[in-house]
Amino acid sequence: MQSNTAPVQVKGPVRPHLEVADIFRSHGQDYRKEHSLTTEQLKAMRDIQQCRTVSLGGHVDVCHNGCGFMRISYNSCRNRNCPKCQSLQSAQWLQKRIDRMLPTEYFHVVITFPHQLNPLILQNQQILYPIIFQAAAQSLLQLARDWKGLKAQVGFTAILHTWNQNMLFHPHLHMVVTAGGLDQSQTRWISSTDKFLVPVAALSKKIRGKFLHLLKRAWNQQKLVFRGTIDHLRTHAGFAQFINELYGRKWHAYVKRPFSGPEQVFRYLSQYTHRVAISNQRLLEITDSQVTFAARDNHNPGEKRTVTVSAEEFIRRFLLHVLPAAFVKIRHYGLMAPCNAKTKLETARKLIHLARPRTAQDLSEPNLEAATQTWHDLFLQLTGVDPMRCPKCRKGILIRQPLSILQRNSRTRPPAPMFLDSS
């Protein structure tokens with residue numbers, strides 16, 4: 001006897017055909033045997049392999065409209081190093097920044113550090129990453145306050161990035177800075193010139209001086225470790241020579257007004273906030289021994305190039321960018337600092353509103369609606385995608401139900417991904 005029930009249709013794969021998790025599953029065990037890894041690196045590898053697999057459990061979404069659509073989804077690992085777990089966090093971060101931003105123009109500032117520092121920074125991340133933030137933030141705040149062309153307290157958000165397009169170690173800071181600030185009396189908003197924030201050469205020299213001063217202090221306090229190729233820096237003579245060479249090099253600061261409006265600035269920056277060393281979309285081919293991925297061609301703007309490395313080298317490069325546990329890679333300074341959020345920041349907002357009421361009208365009031373939004377409403381608003389709308393009939397709402405066969409089980413190695421849907 002045949003059933004009249006329409007067959008259940010399950011959505012097919014929509015995820016990238018290759019993932020970092022695939023490389024970890026096929027080559028990670030051999031890599032761990034040959035290399036000593038930190039606790040954070042081991043956790044990142046394990047979480048990425050388990051992310052959205054049966055190991056972490058899951059649920060079923062069924063269309064309430066009766067069209068027969070069913071979607072099985074597996075839980076996310078929520079590790080900040082996972083290429084699949086950052087979209088919603090990025091959207092939430094963007095909403096918070098939009099709610100807090102000032103109705104003024106902004107500059108995009110990029111601070112890079114000499115590559116000679118790379119081995120030292122890699123071996124001393126807990127000490128030197130905070131020094132990177134401290135040197136850049138103090139230098140920018142002091143120069144904006146003291147330079148005769150501005151003399152104001154600016155506000156900015158700084159984000160640490162540690163990679164380049166080849167996934168090699170390249171620590172640098174992205175900062176979005178207000179194009180002006182409060183005067184010393186906090187009674188006037190001082191705007192910067194249209195195409196100029198602070199003298200770039202002076203900013204570079206100031207950052208160099210502050211960073212090397214803090215580095216010498218850390219060495220004197222015996223907080224640094226030196227292994228392998230930098231073992232010679234243990235000695236006073238070796239370290240002194242190293243410092244002198246760094247003083248003789250040019251440190252780079254790049255300042256540009258990136259967009260015409262403040263919201264566009266933070267939408268641009270949100271692409272950087274929760275990005276990991278490489279996205280799954282950039283992976284092109286995985287063989288028994290090699291990995292090929294796409295990279296931006298800096299010599300031909302808009303063009304792509306391919307990079308092929310051994311699987312072992314790919315894993316090594318990826319793990320270079322696993323940050324220490326609890327390290328904060330997004331920080332706010334000046335007017336944007338948490339201690340100023342309800343005082344100086346609001347004073348600046350009012351002063352700008354008085355000076356330019358038409359442009360500030362839609363930004364001067366807090367977004368109270370956004371503060372009470374659910375993750376579903378926020379995701380829909382920021383991405384334009386309704387994750388609970390049935391993709392088949394486009395009318396029904398997906399009703400979430402537990403899936404009894406997907407039980408949390410972290411003690412066994414996860415099977416190959418069972419993605420019927422990766423959303």
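Modeller: Let's begin with F113, F211 and W251, which together make up one aromatic cluster. Please keep in mind that what you see is a predicted model. Across the structure there are ten aromatic pairs. A pair of aromatic rings is described by the distance of the centres and the angle of the planes. Take F24 and F318: their ring centres lie 5.5 Å apart and the planes meet at 85°, over the 60 degrees that the label requires, so this pair is edge-to-face. Because F24 belongs to helix α1 and F318 to helix α9, the pair ties together parts that are 294 residues apart in sequence. Both F24 and F318 are buried.

A second pair to look at is W219 with F239. Here the ring centres are 5.0 Å apart and the planes are at 15°, so the pair is stacked. This pair also links distant parts of the chain, since W219 is in helix α6 (residues 200-220) and F239 is in helix α7 (residues 236-247), 20 residues apart. W219 is buried, and F239 is buried as well. One more ring deserves a glance, that of F133: the charged end of R331 sits over this ring, 4.5 Å from its centre.

The buried residues of α2 pack against α1 (20-34) and α9 (311-319). Those buried residues are Q41, A44, M45, D47, I48, Q49 and Q50. You can check the length of α2 yourself: it has twelve residues (39-50), and at 1.5 Å a residue they should span 16 Å, while the end C-alpha atoms are 17 Å apart, which agrees. After α2 comes R52, which has a positive phi, near 55°.

Now for the cysteines. A disulfide is a covalent bond between the sulfur atoms of two cysteines. A search of the whole structure turns up zero disulfides. C77 shows why: its closest cysteine sulfur, in C85, is 3.7 Å away, too far for a bond when the cut-off is 2.5 Å. C77 has a relative accessibility of 17%, so this residue counts as buried. C393 is in no disulfide either, with the nearest cysteine sulfur, that of C390, 3.7 Å away.

If you leave aside the neighbours within four places in sequence, T292 is in contact with R282, L283, L284, E285, T306, V307 and T308.

Finally, step back to the chain as a whole. The protein chain has 13 helices and 14 strands. Of its 423 residues, 48% count as buried. Among contacts between residues at least 6 apart in sequence, 73% join residues at least 24 apart. The accessible surface of the chain comes to about 22200 Å², and carbon and sulfur atoms account for 51% of that surface.

Key
Residues numbered from 1 in each chain as written. Predicted model: local features only at pLDDT ≥ 70, side-chain atom pairs only at ≥ 80, totals over all residues. Heavy atoms only, no water. Helix = DSSP H or I, 4+ residues; strand = E, 2+ residues; numbered from the N terminus. Buried < 20%, exposed > 50% of the residue type's maximum accessible area, 1.4 Å probe, protein only. Contact = heavy atoms within 4.5 Å. Areas by Shrake-Rupley, 256 points an atom, 1.4 Å probe, with all protein chains shown as cover. Expected span 1.5 Å × (residues − 1). Phe/Tyr/Trp six-rings, centres within 6.5 Å; stacked < 30°, edge-to-face > 60°. Lys NZ or Arg CZ within 6 Å of the ring centre and 35° of its normal.
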